[in-house]
Amino acid sequence: MPRVDPRTGRELGRSRWLDETYALASQTETPVASFAADIESEAAETMPLSGDERLLSSLSRAVRAGRTPESEPAVVECLPAPAGVPALGRSFAAARAPLTGGFTAFEGNVGTGEGITLPDTFAPTQLEDYAACPRRYLFKRLLKLNERIRPEATEEMAPADRGSLVHDILARYVRGRLDGAPRDLDRLLAIADECFSLAEQEGRCGAPVIARVERSVLMREMRQFFEEDLLEPVEVELSFGETAAAFDVAEDRVEGDKPVEGPALPALEFPLGGGRTVRFIGRLDRIDRRPDGTPVVSDYKSGKQSTLVSSMRQDPLGFGTRLQLPIYGRVAAAFLGWKGSVRTRYWLTSLRREKPQAAYTIDEKILERLRSLLDHITTGITTGVFPGVPGDETYRPSGPTFDHCVHCPFDMMCPVDRDRRWAAEEAAPELAAVVALGEPPEPDLGSIVDMGELELR
Ligand code: SF4
């Protein structure tokens, strides 16, 4: 029985069933120094072992005897030759990659000839994934790996389910206002109640006792939203570009393919310079107008959003992880035929929020910063570099982790020493664009962002 989980370093307790079984507890227990020592021992010849363990045992003793694992008959015998040998050869290369240094294929150096087709259009949230961690973009957006959704396995409501629920409620309520309904708290609460009941029937709200608390918190959040919702809406859930709804999904929402309601605009073309253009598709949450006619574009964010607040304090575009606002602002100006400035904001709807909003007016400095970040991101994608970039070390209740990995669905797939591997490879010339994403803007743009109370008029 292993004493420690090699992935997390946590001590493992022994099963009480062992202690209750006298024969196992006192007669057959033989302490060994390590798994490796045990499997390399002479006793391994006679021990009952699984096929994988037997292969491991054979290879381990071969290495100890000075031979290479690739030359071992066990490697050939255990797999259907000849196809099996190269496959295992790649496994050896993958395991040795961190020791050889540099930015290898096994660390995400995919290159341009590996059958990965780049999309013609991008959703802002897709590119945000690349800026947060290129490997996440590779897994989620190019290889289309998905988390297995198992609502029965958790007692709590998932943050993405909560975010989707909040967006659905607010979209229905604001669409009603556009259809002529007045501001009405009772109508908002009735929609919230109905949507929550539906989500509960689908098993997305956690255990019954948790669901009761979630419902009560949601109703208080809706009251807070109602107090802050004083501008005049002019559009809600505005889509631009085909298939926008399926791809422009922020990290606080469940991916989906909701049908587009209302008008749909063509994709937004954003020139990068040098003849290059990025075509964006997506869906923005809402456009309002101030009394002087200035459009105000809002993107709702549920949850505490401490990462959003801290990154936007240094860079309004959060080092590429907050691209939605300037892109949605351009879409809103095109939709309204507006030539003046556009105000944009993340509207934080949670009771636990760090700040009520993170807002700024789009100007040439913001657009230049957007251009520069898009340049780095598209360079990284088109040259096929997808390293794991975990960020700084942090902590969560289940143990230590990294800033970018806290809510990442691929946490269990990435190696535990991902920070060490990134540190060892970041100087590689292929990674210049990825490294540039982490550099602060010049000049300093952090003071542009307004994190005070929402503008109510
Ligand atoms: S777990 Fe961390 S390093 Fe791995 S893909 Fe996710 S964010 Fe990147």
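Here is how our chat about it went.

Mentor: Keep in mind that this is a predicted model, where local features need pLDDT of at least 70, side-chain atom pairs count only at pLDDT 80 or more, and totals for chains, interfaces and linings use all residues. Residues are numbered from 1 along each chain as its sequence is written.

Trainee: Which residues come nearest to the ligand?

Mentor: There are 13 residues around the ligand, where being near takes a C-beta atom, placed from the backbone, within 6 Å. By class, that shell has seven nonpolar, two polar and four charged residues; Ala, Val, Leu, Ile, Met, Phe, Trp, Tyr, Cys and Pro count as nonpolar, Asp, Glu, Lys and Arg as charged, and the others, Gly among them, as polar. The ones that come nearest are Cys133, Gly388, Cys405, Cys408 and Cys414.

Trainee: Why does Glu237 count as buried?

Mentor: Glu237 lies in strand 2 (residues 232-240), strands being DSSP runs of E with at least two residues and helices runs of H or I with at least four, numbered from the N terminus. Its phi is positive, about 45°, although Glu237 is not a glycine. Buried means 20 or more other C-beta atoms within 10 Å of its own, exposed 12 or fewer, and partly exposed in between, with C-beta atoms placed from the backbone. Glu237 counts as buried because its C-beta neighbours inside 10 Å number 20.

Trainee: What is omega for the peptide bond from Glu442 to Pro443?

Mentor: Pro443 lies in the segment after helix 17 (432-437). Most peptide bonds are trans. The bond from Glu442 to Pro443 is cis, with omega near -5°.
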